[in-house]
Amino acid sequence: MNFSTIRNFITRWCAGEENWVDTRTVYIGHKEPPSGSEAYIPQKYPDNRIVSSKYTFWNFVPKNLFEQFRRVANFYFLIIFLVQLIIDTPTSPITSGLPLFFVITVTAIKQGYEDWLRHKADNAINQCPVNVVEGGEVVRKQSRKLRVGDVVLMKEDETFPCDLILLSTSREEGTCFVTTASLDGESSHKTYYAVQDTKAFTTEEDFDTLLASIECEQPQPDLYNVFGFCFRPLGSENLLLRGATLKNTQHIYAVAIYTGMETKMALNYQSKSQKRSAITVLIRPHPSSVSPLLSVLYLCILISKALINTVLKYVWQADPDRDEPFYNQKTDTERQRHILIRAFTDFLAFMVLFNYIIPVSMYVTVEMQKFLGSYFIMWDDEMFDEELGERAQVNTSDLNEELGQVEYVFTDKTGTLTENNMEFIECCVDGHVYVPQAICNGQVLPGAMSMDMIDSSPGPGGKVRQNAMSCVTCSLGLACQETEELFFRALCLCHTVQVKEEETVDGIKMGLHQGKSTSFYISSSPDEVALVEGMKRSFFSVSVESRFELLEVLTFDSVRRRMSVIVRSSGGELYLFCKGADSSIFPRVISGKVAQVKARVEHNAVEGLRTLCVAYRKLSVDQYEETCHLLNSAKLALQDRDKKLSEAYDLIEKDFILLGATAVEDRLQDKAADTIESLHKAGMKVWVLTGDKMETAAATCYASKLFRRSTQILELTTKRTEEQSLHEVLFDLSRTVQEDSSQGNYKEIFLEICRNCSAVLCCRMAPLQKAQVLIKASPEHPITLAIGDGANDVSMILEAHVGIGIMGKEGRQAARNSDYAIPKFKHLKKMLLVHGHYYYIRISELVQYFFYKNVAFIFPQFLYQFFCGFSQQPLYDTAYLTLYNISFTSLPILLFSLIEQHINMDILKKDPSLYRDIAKNSLLRWPIFIYWTFLGVFDAVVFFFGAYFLFYNTTFTSNGQMFGNWTFGTLVFTVLVFTVTLKLALDTHYWTWINHFVIWGSLLFFVIFSLLWGGIIWPFLNYQRMYYVFMQMLSSGPAWLSIILLIVTSLLPDVVKKVVSRALWPTTTERIQVSERAHTHTHCLSHIRSGPLSVPCAGFPLNPDLSLLTFSPRHSSFLLPNNCLKVKMFFKV
Amino acid sequence: MMASSYNAKEEDGNPSSATVHGGAGTVKNKKPDNTAFKQQRLPAWQPILTAGTVLPAFFVIGLIFIPIGIGLFVTSNNIKEFEACLYSVYSKYSFSSLSTLQIDYTGVDLSSPCFNCSQNYIWNSTTPCTCSVPFSLDQPFESNVFMYYGLSNFYQNHRRYVKSRDDSQLNGDLSSLKNPSKECEPYRTSENKPIAPCGAIANSLFNDTLDLYYIDPNGSRTAIPLVKKGIAWWTDKHVKFRNPAGNNLTVVFQGTSKPVNWRKPVYELDPSDSDNNGFINEDFIVWMRTAALPTFRKLYRIIQKKPNNMSPTLPRGQYILDVTYNYPVRSFEGRKRMILSTISWMGGKNPFLGIAYITVGSVCFFLGIVLLIIHHKYGNRNNNADIPN
């Protein structure tokens, strides 16, 4: 080896690094130019091997161990275990080593098995054969050997092995169809286009002659963005993603540009999982985040306990006769150790002795509870939707209890509040209104809803299918005036709908309900389907004859909120048809009956219908050339392509002639109003964020009872006069708050007002704005919930504490990115009011109980140190120390936290105001924690001193024999286990057979275990200290009596506290429990609805039924008058 | 009202929509099982702790606990336990009402008969120091009398001490006999021979000898027979502690060394009874059960009631406690006591349990009354609030 090669290698490697940030050049078929001709740096690409497995055979053990010890519980145990190994501690290393070893081994085996399966799957994928064109012939290669630049031949129904640029297809027009079901869940067929210049290459030999290169960006995870050059601009419509499947096309030729771990799928997979975890760890303020905080506090208590004991030990030991009495000498090595080292080891030993005060087992139990508990959500029959055949999904189980803490609900409108099942209602051409007969069957509900344009996801662009762009013929005998013909032509041409002939699509189905079930219209935007369907049903039928040639598609995007097509008619005339939201069309219109159409549009919007305007523009050949030029130059741009494209669109889409408007109805979802009302009563503030027009959105809000007729509405818009009122309010507020209020203060005050409103409607929101509103609205960490159904809600869903996706018609992106997915909006009610409430109650009891039982467990040991010369002598036997949290007291609380129901499910659903009882984390507050800790300390004192006075210098056997220290500990432990379990039994309100089984079962298990543990001389143990201790204890009468006495004494304060507080200061929950119990025999539960809290706002006229009620003073804060303010926000886009 | 209609709708809606849509295969797969468990509708008993339900329980507890407490207290008071401190004045030992005898023979005071002996801090003094403590019983002990020795300020529960033993050696394991556990350090070997029994506990075996004499009115001393069988747990004596296999204990223990502080090897602990030698010596077993607290007592001997005659076990009169003072406790300010006590079914004299029962019972009773008032006053109010119509 000489230096130069190394240097060469290094420079090349560095060059490769530099290239990484740049673009990459792919030579089709590896036909690189001769190295001399131009600066050509060969780039290194990874092979096409996909590695989803985490481990290899060699790194499994260290990597897996590392992964596992990153978890708090395991790490804590490991530390304790190591301390026990290194120094002489009171408990043997087995106490923490054995459970640790068990957990680690089981997890490792499970993860190893899963990884082995992944290896197998990877191998299957990596070795599946791919047809590669090499030297004019088709060669079969293993998938993992595929390289960037290979030309691949794909057949129908094959899945793409890597990211490919489509070169040519078997179809004449150079298109192919692809489903991306495994990537984004959308099973609709998407159209992809071959590169124009290679369209003609149809055989392997042709490709052998092809000399071309593609320049493209380095891989990035964005699924919908790819830019590249061949000889012409390439876009995402040319890129076939790995994992997608070829459909309806015999075969295609394509060239690989991203392989292996650089494919978009692989990149996306990785970055997404990382993002999720980051959110969970950093952003989410957990209700149970009190528990880490508490753990820190308890850690402080633990350390201070250990410190106190260490100091006291050395104070006490100052007298050498106490330190080393003649009967208890130290070894020489112990004596020679330095005092500081001794003190430190003593400190560590105390830490080990008291380490159980930090309930590490709690973390394991909480995880199990959350994991298992989420099944109840999935199993819920009431959240199953027959129509969709879907049930609730849980994607993240660690948020169950946050469902019970929601303060703000941010909801999307279309598809969430409404069904997103569009029906074409009417169209208005030149001011004349046309209504299809089909809907005049009385199905239209009063105040029915609408949908918004923004919600139509701008999926992979350019999906217009040629044969759907069909001719329009008048079938109903309407007078084919020019504008009308143009209008319907525009509707038929300007869309991204495609016709689907087969029925086997199981995702989005837009079946034609009358008769022709063989053809479906498939589009990413359901309103387009509604329009096309409406056209077909009512006015025109789509014929196959093609009279228009599609030249350009200016695809829809949510900023422009319009789309356009440029077509050439058979007569050679060039048209630009544009369809979009009124606000984006009207400013660009130069002629047409604007006033009439505008009036109609506004009328429809107030009715809650969703409107679209249609306009056109005739293009001359010159104009078209210019347009093409503009578009091409924009598409060629590698940087800021989006910006340049939109600028180009802006230039092209102007000088329209207005044709008319359409109205599409979107019905309110089943029980949406009831759900909203319940959320309101539950004290949640509902914000509707929609991209729709204000009038439409407000109509929806009224229909869904978000706003009432009596509601005082504040509006903030740019045009309307209502702005005045809010402005004044703002101004008044700002004067009171601060004299010189700047713009920033307005924002704060505005948000402050919004936060005090019970309902807020934000219109004209772009997807990102939705997320911004959500962040702005909730700076003080109230729990926010976002619910939506479309891709445009994903940002909001990811931003909220709890993201709920609705399995709607706009694909599954929202559902996939959410924490929970439910089939319909109405299921939110049960999700929050029942499941959320239950899980919050359960988890709070779980957390508190764990701290309580560990305080009660460890505090006697602490007290015992004062009586054993601070020598770290454990009070309990090793087995008891180990098994206390693992088996004696673990199952009852776990099962409690899975099936406890303090109030009946039906009552929770009927009376949403109960949700306020647990609002603002009311069960995990400091006073309550202090109470539980106090209870634990009290119980511990009772246990310890009860046993102490029983043992103090006397005997309590009938044969005069004495008991030793292990009997003392066993007595305390027995009382402890019984007390702690019975305490849980007292807290249980819902005793199913499982509770009985687990509570009495674990007590029985404790007794049986103790009998067994003390009944045998265990051959593998080096001590027999527990031999017959338990039996001897039970043979003594006073032991029984004192066990009973101590249990009763330690349970007494809690029972008294419960009973007294229930009698004197009952919470709503407790009242309902009592009344529920009192009236179950008469089945008369309806009066519960009229509890004192069911009036959401004092500003509402009191219902005569409710006005009789007394108001509980503690809830009077809910009755602030400003709760009635409702604000509409108008965000100018 | 609203809720009932809600349910009705749902029930009506479900079958119809199910029949309309044909894709039953997928629907069925995803449809959750309608079992009571999965729907969280298991039949359940739903108790609530209200004043009304808890009241009777409180009264019942009060009514049960108070009599039990009184019974325990009376029983405890009936137990005769003679307890005396030697460094206070002798005459106080004649108890009349309090029938416990507890004699501190540590010998702290100059006036105490054991003062001289207590000055001797050395374990292995060849000449045993003896002292005699006279006391008188004003009341006879009628039933079996249990004789305890008690130690104060002696930390048998110190961790270093508790673990300093080898249970398998004590169970007769031959390999452990020759190679005791490391826990026994620094009492593991002496003179390069393994110690049997090893460890700090065994090494510090209590080795005072206590003898009791009745002084007849005529002045002659009668030795009171002290039984040393049955002072240790039966299971300890017969299962947990075992001598290494072999007929002759001397041979079996050959190659081992006696604990440093002991005067004689373990197989010669009880010259009078060959079954009481080695590890199964009952005094030894009793000592090996480490006490829970630094002040403790251990059963030393039993004075059994004579089966045939009706005379009390210990009649009234003058007694002398003869102490062979071997065990030094002054160095750590310990105390040694001899306790005579009768035993009832509830063990020795311990008023704590009785008092505690009475207290808790009364508290419960009192709370019951308080709750009754609360229930009477506020219970109705709550019910009214709940049922407005």
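## A loop residue to start from

A:Asp655 sits in the loop that runs between α18 (641-652) and β27 (656-668) of chain A. Its backbone has a positive phi of about 55 degrees, although A:Asp655 is not a glycine. With a relative accessible area of 34%, A:Asp655 is partly exposed. Keep in mind as you explore that this is a predicted model.

Further along chain A, A:Lys671 can be found in the loop between β27 and α19 (672-681). A:Lys671 is not a glycine, yet it has a positive phi of about 60 degrees. Is A:Lys671 buried or exposed? At 12% relative accessibility, A:Lys671 counts as buried.

## Where the two chains meet

Let us turn to the contact between chain A and chain B. Chain A brings 118 residues to the contact, and chain B brings 111 residues. Together the two chains bury an area of about 10,300 Å², and carbon and sulfur atoms give 60% of that area. Three residues of chain A, namely A:Phe326, A:Tyr327 and A:Glu386, supply 8% of the area that chain A buries against chain B, which is more than any other three residues.

## Salt bridges within the chains

Over all chains, the count of salt bridges by this rule comes to 43. A:Lys983 and A:Asp987 are both buried.

The side chain of A:Asp987 also meets the side chain of A:Lys1058 in a salt bridge, at 2.1 Å from N to O. Here the pair links distant parts of the chain, 71 residues apart, with A:Asp987 in helix α31 and A:Lys1058 in helix α34 of chain A. A:Asp987 is buried with a relative accessible area of 6%, and A:Lys1058 is buried with a relative accessible area of 18%.

Chain B has its own example: B:Asp270 forms a salt bridge with B:Lys228, and their closest N and O atoms are 3.1 Å apart. B:Asp270 lies in the loop between α10 (249-252) and α11 (282-288) of chain B, while B:Lys228 lies in the loop between β9 (221-223) and α9 (234-240) of chain B, so the pair ties together parts that are 42 residues apart in sequence. B:Asp270 counts as buried at 3% relative accessibility, whereas B:Lys228 counts as partly exposed at 26%. Elsewhere, salt bridges that share partners join A:Asp380, A:Glu382, A:Lys830, A:Asp906, A:Lys909 and B:Arg41 into one network.

## A sheet in chain A

In chain A, six strands form an open sheet with antiparallel pairing, in the order β3-β2-β4-β13-β5-β11. Which strands stand at the edges? They are β3 (137-142) and β11 (239-240) of chain A; each has a single partner strand, so one side of each is left without a neighbour in the sheet.

Within this sheet, strand β2 (residues 129-134) and strand β4 (residues 151-155) of chain A run antiparallel and are joined by three bridges. To find this pairing in the model, look for A:Val133, which stands opposite A:Val151 in β4 of chain A.

## Cis peptide bonds in chain B

Chain B has a cis peptide bond between B:Glu185 and B:Pro186, with omega about 0 degrees. B:Pro186 is in the loop between α7 (174-178) and β6 (189-190) of chain B.

Another cis peptide bond joins B:Ala196 and B:Pro197, where omega is about -15 degrees. The loop that holds B:Pro197 lies between β7 (193-194) and α8 (200-203) of chain B.

Technical notes:
Residues numbered from 1 in each chain as written. Chains lettered and ligands numbered in written order. Predicted model: local features only at pLDDT ≥ 70, side-chain atom pairs only at ≥ 80, totals over all residues. Heavy atoms only, no water. Contact = heavy atoms within 4.5 Å. Buried area = accessible area lost by both parts, 1.4 Å probe. Pairing = 2+ DSSP bridges. Helix = DSSP H or I, 4+ residues; strand = E, 2+ residues; numbered from the N terminus. Salt bridge = Lys/Arg side-chain N within 4 Å of Asp/Glu carboxyl O. Buried < 20%, exposed > 50% of the residue type's maximum accessible area, 1.4 Å probe, protein only.
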